[in-house]
Amino acid sequence: MEHEKDILRLKKGEPPFTKKEIEAVNDLFPAYLFRRRKTGEIWTSCCQQYKKLGPAATWTRSEELAMEMDHQAEPRGHWVGSRWICTEQVKIECPYCRKKAVVKEIGRCGRMDNLTSYRRAVLLRWYRGALWARALDMKKIYDPEHLLGMPGAKLVGLYRFRPGLAEKVSGPWYISTPLKDYNRQDHPLIGGKWNIHSPFTNDAEYGMGFDVIGWEELAKSPIKYCQLEKLGAKRRLLEILTACCFYPRQVEMLMKAGMEPVVQDLGEGKKNARAINWEEPEPAKGFGLTKQELRDFLDTGRDIRTIALYKRLKREVPIREVAQWVYWASPWSVEETIRVAGKWNIPRVKLFRYLIRQQEGGNRPFPLQYWKDYIEAAEAIGLPNSDSVGKRGPL
């Protein structure tokens with residue numbers, strides 16, 4: 001089988017699960033405090049405790065509350081006017097680990113089929129000189145005879161990140177087969193496509209996202225200054241980790257500047273090459289700006305489209321003014337304004353300034369389409385000189 005040696009190497013090098021990781025996985029699931037009043041027994045799914053309580057006089061206050069609390073049924077939704085409202089469950093502190101848990105009387109839970117829950121997560125771990133990521137698809141099932149079981153987990157993706165190299169071995173979540181699909185990224189982004197991707201498909205609860213466990217492990221790795229934890233559990237985290245293998249300084253610069261959307265774009269394969277030179281790690285040089293231009297840009301909303309448009313306009317307009325245009329116009333409007341300015345031989349700066357004035361500070365929609373309709377209608381009815389928009393048109 002192709003790449004068999006690489007697959008075996010990754011599987012053999014996989015870090016073992018730690019107790020902390022197992023507990024963190026269990027914490028992703030709803031916490032239940034099961035009890036049987038008549039026998040004085042308590043089971044906790046959050047900390048895996050079982051206790052048979054003695055006389056009531058020996059109970060702690062938390063144990064007393066757990067035995068007195070009403071059984072909490074699973075939430076049910078209903079319509080109230082035009083809104084869908086779900087009933088809320090009251091939670092109490094677990095007597096043993098202090099986590100918030102829902103009280104369930106075992107005799108009123110039936111077969112517990114409605115307590116089955118699903119989660120998916122990526123576990124990060126710095127291990128033997130590389131950052132590892134394990135993608136898990138998980139399920140937790142309860143029944144009256146097995147109340148303290150841990151979640152069942154299927155490994156659907158195993159990743160290894162090092163400077164200059166990202167590797168992945170994966171398999172489908174829906175069948176019980178070993179991981180067998182191998183991919184690697186050993187060069188910077190080319191053609192807008194990464195070779196490394198998330199193994200998860202779309203989900204009703206998560207969308208394309210997932211939970212992340214082990215953010216603190218990034219502090220042990222070469223990308224500790226990239227501040228990826230600010231992104232949270234974004235759908236493109238694994239692609240962004242791949243990007244950090246090749247552009248760590250650039251990602252760090254963008255994250256510290258509060259330009260997370262640009263990092264997200266990079267994870268999706270979009271380099272914003274008109275604005276950034278990814279081969280240049282220094283901020284001012286990477287943006288292709290002077291120090292003063294960079295300071296002016298950082299005083300704006302820091303939309304990367306501002307730099308791209310500023311360069312396309314040959315730096316004819318102050319960058320802060322360009323930032324205002326970008327703020328009020330959609331990406332389509334910017335591109336279309338440049339196109340139609342060339343079509344009718346109008347100075348691009350003149351057209352942008354005219355359209356912004358007509359917008360009245362954002363109180364109206366960006367009027368490009370109305371302006372285009374006017375010019376096209378004038379041409380259609382053969383108004384004289386309507387093709388010389390810069391001289392006799394609506395400007």
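Reader: Where is Thr177 found?

Author: In this predicted model, Thr177 belongs to the loop between strand S11 (165–170) and strand S12 (181–185).

Reader: Why is Thr177 called partly exposed?

Author: Its relative accessibility is 26%. Buried requires under 20% and exposed over 50%, so Thr177, at 26%, counts as partly exposed.

Reader: Which residues does Thr177 touch, not counting those up to four places away in sequence?

Author: Thr177 touches Lys154 and Pro172.

Reader: Why does Leu351 count as buried?

Author: Leu351, found in helix H12 (residues 348–359), has 0% relative accessibility. The cut-off for buried is under 20%; therefore Leu351 counts as buried.

Reader: How do you know that the side chains of Lys140 and Asn26 form a polar contact?

Author: The two side chains are joined at 2.5 Å. The limit for such a pair of N or O atoms is within 3.5 Å, so the link between Lys140 and Asn26 qualifies as a polar contact. Leaving aside neighbours within four places in sequence, Lys140 is also in contact with other residues, including Phe29, Ser45, Gln48 and Pro151.

Technical notes: Residues numbered from 1 in each chain as written. Predicted model: local features only at pLDDT ≥ 70, side-chain atom pairs only at ≥ 80, totals over all residues. Heavy atoms only, no water. Helix = DSSP H or I, 4+ residues; strand = E, 2+ residues; numbered from the N terminus. Buried < 20%, exposed > 50% of the residue type's maximum accessible area, 1.4 Å probe, protein only. Polar contact = N/O pair within 3.5 Å; in protein donor to acceptor, adjacent residues only side chain to side chain. Contact = heavy atoms within 4.5 Å.
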